[in-house]
Amino acid sequence: MSVTRTRRRAAFSRFRREYRRQRAGLYGAAILVAAVVLALLTPLITDPAGMDVTKATGAKMSPPSLDFPMGTDESGRSVLLMVLWGSRVSLLIGFMSALLSMTIGTVMGIAAGHFRGWASAVLMRITDWFLVLPSLVLALVLAAILGGGTSTIILAIGVTSWASTARLIRAQTLSVEARPYIERSRALGAGHWHIMTRHVLPNVAPLVLANTTLQVASAIVAESTLAFLGADSGSVSWGGMLRGSYDWGAATSGAWWYVLAPGLCIVAVVMAFTLCGRALEAVLNPRLRGASR
Amino acid sequence: MTRMGARLAALGLTLLLAILPATQALAGKAPEPGTQALARQAPEPGKKTVRLGVTQAVDSMNPFLAVRIISSSIHRWMYGFLTVPDPKTLQPSPDLAESWETSDDKLTWTFKIRANAKWSDGKPVTAQDAAWTFNTVMTVDAAKQANGPAVENFESVTATDDRTLVIKTRKPQASMLENPIPIVPKHVWEAVGDIGKFENDTSPAVGAGPFIVAEYKKDTYVKLKANPGYWRGAPKIDELHVLFYENPEAANAGLKKGEIDLIGRLAAPQFEALAGDPNIVQWNTQGRRAVYLQLNHGAQTIDNKPVGDGHPALKDPKVRQAIHYAIDKKALADQVQSGLAVPADGSIVPPMYQEFFWKAEGDDLVTHDIAKANEILDEAGYKKGADGVRTTPDGKRKLEMRFSIHTDTPVEDKIAQFLTGWFKEIGIPLSTRKLDANKFTEETGFTGLFDIAISGWSVNPDPEEVLATHLCSRRPTASGEGGGTESFYCDPEYEKLYQEQLSELDRPKRAEIIKLMQKRLYTDAPVIAVYYPNNLEGYRKDRITSITPIPEDKGILYGGSGYWPFYSLDAVAAPAGSTGGGSGTGLAVGVAVAVVLVGAGGFLLVRRRRSVADERE
Amino acid sequence: MTVPPDTLLDPGPAADPAAGPGKGRGARRPVLRYALAKIGGAALSIGMVIVATFFLFRLIPGDPAIAYTRDVPLSPEQLDLLRRQMGLDKPLTQQFLDFVTRTLRLDLGTSYEYKRPVTELIADRVGPTLVLVGTGLVIAVSLGLWQGTRAAWNHGSRFDRFSTGLSLVLWSVPTFWLGLLLLMVFAAGVGPIPGIFPTRGMEDVDAPGGPMYLLHVAHHLVLPCLTLVAVVYAQYLLVMRSSLLDEIGQDYVTTARAKGLRDDEVRRRHAVPNALLPTVTLVFIHIGFVVGGAVSVETVYSWPGLGLLFYEAIKGPDFAVMQGTFMVVCTAVIVMNTLADVAYHVLDPRVRSA
């Protein structure tokens, strides 16, 4: 066991070394850590009472000032405060739907890669189907049918975005299973479950990690798009804030802070996830290591 | 650029150039003969055009099917009616019917159709046209879609000669002179076949109103031309364009920029954003709408069986009263409507209708008073627990309630946020449920699956319909059908007053009864009116020189009853040489864009040859 | 708009050895057989769309008959009649078979809002969407592939860093937000910037006829198209860039260079054609995402297309229109995808003979 641990530790420190060489990835990671820490600290450093419209202290849509560094919204609430609380919902939806999508994608991918014959064909047909369908349209239909709410949005995004992951994981599974030691293990009588969980899963895990990071990014964008098109989570999120700024005419009345603050937050965090994902990919995927430094 | 890349770029450009002509075919625009095309580009100087921006697409051009405000407005401009509200008093005045009389039993109405009205194809308007229209609504199910309830009480409609129309009703009907059905030409519509499938979108459609529809492009625009043969005389403007916007922010920008001349039914934020523009008139008037809360005070079906899952505490008038005290109507009007609404110290009839409006005074008046609300609940035995949540006197159920609103309605969402804040202070936690329009109607009007729900009603000059929505008979059947109740209300006193006003043909006396009915609703609180939103509109005064609202004294421009505002419109004439709507510069830009696109393609191709030299590593 | 993350990840053919005609793999099959297999697969996919639609839209709580009549009060008898007309009294299997036959006959039901056949509503709106998505796709692909090629060939250069950075930013921007910003700046006008583009729709009343009509539409098309292109072209650029980088790392490129072939020649003859294959495959697979983006764009710019119809149906909600638009859009995407796949297979001799 200690051998494995040493090997893992060595692998991890190699990973750290490699990742440090990815400059963009480091910036991304820094922004991410900052965003997550702020989101976690928000309940400790701010008073949620400021989110209650009946207790709002500011004037309606007032420009940034010392009291309200990002200005106020249509009810006189601090946009900064809303951005902080909104980050919790946006990140939650991002992480949860990415998790859901990754789970479905990994299970489908490994199964499609491991099994042969019609089982694999059926799984791939389903995957291809989800891959080709316009996922936003499908997510909107799902949200419309299931009604609003955070869990619905997570479900709608998760269920419609796993196909590309499944394809990727399947390919990786195929190449892992082609390795001789799997053959050996199979000859020794290892069952499907053993091979899939003990051999394939650990080997595809790095890829899953990189892909999850990117998936969170696209889920945050998807959340905002769904919110704009009317399927919102019911709590203040960045997408919901953008929708609010649109509904309350922030753009035509010149309240640029209300339009830009949540939008730029989305762009920054989504970029950060993307940079991290790309860096992880470059580090973990040996094929790319040579090419795209 | 590589050969493959260049091939792709060239293919792209070819496709692009192929797609654009396809636009023309796909958009259904047949290429026109040269002369006509040229004539269309340059409108004759002196032509007066007004462009109206709307944020609602036309649902149908068929007046028997259309229910949206935009469509019924267009039908008001296209067709004539029996009567039309007087622009000053809003009381019925002659339109296609020049006079009328009722029999002594108030069941037979005889209308004289005017002789000087003509259809736009030159044929005279006769009583047969009107009779055919009403009979169609009465007998053809598909035709009931738009205005079915308006003929519910009709026994028969006959034309005894070309000028005389006789309508027999089952019961006396005070609202007979506000009939909303546009009269269509029998000679055209007889040949239609299935009314439910007829689109009525071929232009020009035959009508007898001030305007004729000249062109209709779905989800895009409706072009109307003045009807030169209109019996009152042609409108002052030559053309009225109705332009559709999905995005209200874009519509506002369009008005500021001058792409449109008038927008009606603005939301408060958009209205406020128009402030400070010297060329724009912000038209802010009292509205015809009342926004209120519907409280589930024990919903029952028409045979008095309980239905739904309303919170039992709401059956207690004390709780409803406490809730009433917790609502700060002024804050809602200020915050949700930017102060562009009248806080409701009354009930379901807005103050715009002075004749029928009832205002709470003295002891009746409920003001925002959290302490008083808490006091009422304490006295009635609803104890606050350690968590600040009240329970019913028997201690069995917490006063946790749901507030049902529609999805995608920012105003209702904001109201919910305020109510949640206030109700928390009186120990009633409120959770918001957003429902789509279908489900909302079902749960708040049929199945009673709600505690408190948002609601609203646009009241006609005659308030009969809104009063009727609180009658016992409007409650649904046990199987969830029929109905149309706005409150599941069933109160003997209210019923009695309703019957009285129905047959009271003396207007002031009837108004007094209607006020008593509103007082009953206010004090018993099955519904709590919140505010009456103002009607917010904007128009460009550098384009529109005069417009008469309805009613003339501070009334509505778009979406009101009657065609007066648009009939009376006058505008600045197009100067000679202008192509109207800045499409001259538009075309210039279009040309520029095309040049840029072609240029980019060319650049890519040239690039390919040059790249040999400057990209070698 | 949901962009699939895999476009930012490894797009190379090696990622999926079984994904269609990869470089030299399984590409010897005759064209006809290949096409037939693809078409069969597409038919199956379309069948799955129909089945999924039926069950998805049966999940909606509430009585479809009441939803259809909206606020018009009907007697119980009338409602029963309506239910029978809508086939709601039949067993589920019968309802399903009816649904399939109707759908195959292109009868997609009647809109609650418009009281018109959904097929007609859709037919009216296909044109504008084709114009928007078609133009956007052509520009995005041309621009993305060109810029991606240049960026990869000079990787590490200022152009490369700028292109990659810009596309990562654009990739992170919500489509509707970008659309609103562009609308506010270039259609409404901000400060010294004049609003030179129209604020709505595809055409104005009294649009000129003849060739000038094209320019009129082009003028209206600029902003919506720009928005769509900005968001989708980023993925094409990134995919093209990384596929080409893959190729550059291959031995044959080194060999070709060593043979003394001109750099440009190497790129044009060898690297780019090989890199194009995975890229173009991905472009086809992701047509659905462009269509998804069109929903936001059409809503922001009041563009009278399918996306707007779909958005209005969701707002209604008008389930018949939602269901019809959903099926048509999915089918269109599947068909386009298959056609493009087969066409590419036929056109690119390398795929066949490698």
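Modeller: Let's start with Ala525(B), which counts as buried because it has 22 C-beta neighbours inside 10 Å. A residue is buried with 20 or more other C-beta atoms within 10 Å of its own, exposed with 12 or fewer, and partly exposed in between, the C-beta atoms being placed from the backbone. This is a predicted model, in which local features need pLDDT of at least 70 and side-chain atom pairs count only at pLDDT 80 or more, while totals for chains, interfaces and linings use all residues. Residues are numbered from 1 along each chain as its sequence is written, and chains are lettered from A and ligands numbered from 1 in the order in which they are written.

Ala525(B) has a positive phi of about 55 degrees, although it is not a glycine. Its place is the loop between H16 and strand S18 (527-533) of chain B. (Helices, H or I of at least four residues, and strands, E of at least two, are DSSP runs numbered from the N terminus.)

Now look at H16 itself. Helix H16 (residues 507-524) of chain B packs against helix H15 (residues 492-503) of chain B at an angle of about 160 degrees, and their axes are 9 Å apart. H15(B) and H16(B) are therefore roughly antiparallel, a term for angles over 145 degrees. From H15(B), Glu493(B), Tyr494(B), Leu497(B), Tyr498(B), Glu500(B) and Gln501(B) meet residues of H16(B), namely Arg510(B), Ile513(B), Ile514(B), Leu516(B), Met517(B) and Arg520(B). (Contact needs C-beta atoms, placed from the backbone, within 7 Å.)

Asn304(B) belongs to the loop between strand S13 (289-295) and helix H9 (317-326) of chain B. With 9 other C-beta atoms within 10 Å, Asn304(B) is exposed, whereas Ala525(B) is buried.

There are cis peptide bonds to find as well. One joins Ser203(B) and Pro204(B), with omega about -5 degrees, and Pro204(B) is in the loop between helix H6 (186-189) and strand S8 (211-217) of chain B. Another runs from Ile550(B) to Pro551(B), with omega near -5 degrees. Pro551(B) is in the loop between strand S20 (544-546) and helix H17 (564-568) of chain B.

Conventions: Axes are lines fitted to C-alpha atoms, for helices over the stretch in contact, and angles run from 0 to 180 degrees between N-to-C directions. Angles under 35 degrees count as roughly parallel, over 145 as roughly antiparallel, 65 to 115 as roughly perpendicular and the rest as oblique. Two residues are in contact if their C-beta atoms, placed from the backbone, lie within 7 Å.
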